Amino acid sequence: MKYEWWTSFSTLVNHYSINNANFSRPKQAVSKFSAMGEVNPEFIQALEHRPKPDTTIEAENIPLIDLSPLHNTPPEKTDSLENLVAEIGNACQNWGFFQVINHGVPSKCREKIESASRKFFALPKQEKRKISRNEINPYGYYDTEHTKNVRDWKEVFDCTVQNPTIIPASHEPDDMELKELNNQWPENLPELREACEEHAAEMEKLAFKLLGLIALSLGLKKDRLNGFFKDQTSRIRLNYYPPCPVPHLTLGVGRHKDAGVLTILAQDDVGGLEVKRKTDGEWIFVKPTPDAYIINVGDMIQVWSNEKYESIEHRAMVNSEKERLSIPYFFNPAHYTWVEPLEELINEQNPPKYKGYNWGKFFATRNRGNFKKLDVENIQISHFRI
Ligand SMILES: O=C(O)CCC(=O)C(=O)O
Ligand SMILES: [Fe+2]
């Protein structure tokens, strides 16, 4: 089975390389505006993917889940924990997204990372570019990311949680070489590093609590998934969305699914995140809830659960007046993780829906697409669908 996968993976990757080789180097994205002051066409979404900032559906929001039973339930009172597990399971199944309150993350930690992030993005461009992410190191500052080959109206800063992080040296399937990645920090803003490290520690605690609840909701042992995170590749991203003169034509982040296990997102009070509702495909605006974290199931849970839970498409709108900040924590396993439907969750009636794949190679291939404007669709788990 592994051999078969490897072959199909290499065909896919070759397809990328060949297509890319036929193309002249992608245009270096320079400014947001042309000499005439018009928005650079790289940012403009195709008609069917444009947001409707004035007609957001606010009547329904993603489920709001109170995690306090995790913290204050006496061991003999198991009802409230069972209810919580059921709530999480329903949210994962019906939405793939939910918000949590009473999560145990101190609000001071969140205030600190928000404040440090704002200071970082307010630095002059040349300061930020000193720690630019590049084709070798995907951690650092970046302002020309493309999602589905359209440029996002945003600036980002990425850092890894386990420093250094080990990942494959290249996306090439036969290249077994590994590389060690280190964070890059701005010279004159030590509080950014401190805030990110504190935030990462808090997010990890919350991520393991959620992972346990999700495992229980799938009928697995609470710690069934923990072993995948020994040499984790989790990372924190700071997303900064400057005000945009054409918010109806562009997106801060184009529609996408998160490739990892879980995402824990802090958004400020501006709002902009939209989630695709499973029942009818409508885009639902996620109204900011003070101090809540937004959780979504990533592609790996979709595969592990053999599609009982699905990773849901989402996107971020921008705003003509206000800047917006969002801080996702991507909870990702070790690069050598072989991702396939869990054996406890498959049987004759429910055969595996995915071929296995290697997380590190998937990640390296995806990063390549984020870095360059490719002429083909970026790698997706659907490519491994049986
Ligand atoms: O800014 C947001 O609300 C969403 C960001 C996001 O989906 C991402 O960075 O993967
Ligand atoms: Fe996302």
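This report describes the fold, iron site, core, charged residues and backbone features of a predicted model.

## Overall architecture

The structure is a predicted model of a chain with 386 residues, 54% of which count as buried. Its secondary structure consists of 8 helices and 18 strands.

Among contacts in the chain with a separation of 6 or more, 79% are between residues 24 or more positions apart.

## The iron site

The iron ion (ligand 2) has three residues as its protein donors: H256 through NE2, D258 through OD, and H314 through NE2. These donors lie 2.1 to 2.3 Å from the iron ion.

In soluble globular proteins, nonpolar side chains tend to be buried together. In this model the largest nonpolar core has 71 residues, and I88 and L210 are the members that touch the most others. Helix α6, spanning residues 190–217, gives the most to this core, with 12 residues.

When neighbours within four places in sequence are set aside, I88 is in contact with I65, L67, F98, L210, L213 and I214. Another core, of 10 residues, lies apart from the largest one; W95, F97, I284 and I312 are among its members.

## Salt bridges

The count of salt bridges comes to 29. One of them joins E198 and K112, with the closest N and O atoms 2.9 Å apart. E198 belongs to helix α6 and K112 to helix α4 (residues 107–121), so this pair ties together parts that are 86 residues apart in sequence. Both partners are partly exposed: E198 has a relative accessible area of 36%, and K112 has one of 26%.

Other salt bridges join buried residues. In the pair formed by E145 and K154, the closest N and O atoms are 2.6 Å apart. E145 counts as buried at 4% relative accessibility, and K154 is buried with a relative accessible area of 3%. D158 and R237 form a salt bridge whose closest N and O atoms are 2.7 Å apart. Because D158 lies in strand β6 and R237 in strand β9 (residues 235–241), this pair ties together parts that are 79 residues apart in sequence. D158 counts as buried at 1% relative accessibility, as does R237 at 8%. Through shared partners, salt bridges join R133, E145, D152, K154, D158, R235 and R237 into one network.

## Buried lysines without a salt bridge

K361 is found in helix α8, which covers residues 359–371. This lysine is buried yet has no salt bridge, and the nearest side chain of opposite charge, that of D175, is 5.3 Å away. A salt bridge requires a distance within 4 Å, so D175 does not qualify as a partner of K361. A polar atom of the K361 side chain does, however, lie 2.8 Å from the backbone oxygen of S170.

K179, in strand β8 (residues 178–181), is also buried and has no salt bridge. For K179 the nearest side chain of opposite charge is again that of D175, at 8.9 Å. Not counting residues up to four places away in sequence, K179 touches E135, I136, T165, I166, I167, P168 and A169.

## Backbone features in loops

N163 and P164 are joined by a cis peptide bond, with omega at about 0°. P164 is located in the loop between β6 (155–160) and β7 (165–168).

Two residues other than glycine have a positive phi. D291 has a phi of about 65° and is placed in the loop between β13 (283–285) and β14 (293–297). N306 has a phi near 55° and is placed in the loop between α7 (299–304) and β15 (314–316).

How values were computed: Residues numbered from 1 in each chain as written. Chains lettered and ligands numbered in written order. Predicted model: local features only at pLDDT ≥ 70, side-chain atom pairs only at ≥ 80, totals over all residues. Heavy atoms only, no water. Donors = N, O, S within 2.8 Å, 3.2 Å for Na, K, Ca; no water. Helix = DSSP H or I, 4+ residues; strand = E, 2+ residues; numbered from the N terminus. Buried < 20%, exposed > 50% of the residue type's maximum accessible area, 1.4 Å probe, protein only. Lys, Arg positive; Asp, Glu negative; His and termini not counted. Polar contact = N/O pair within 3.5 Å; in protein donor to acceptor, adjacent residues only side chain to side chain. Core = buried A, V, L, I, M, F, W, Y, C linked by side-chain atoms within 4.5 Å. Contact = heavy atoms within 4.5 Å.
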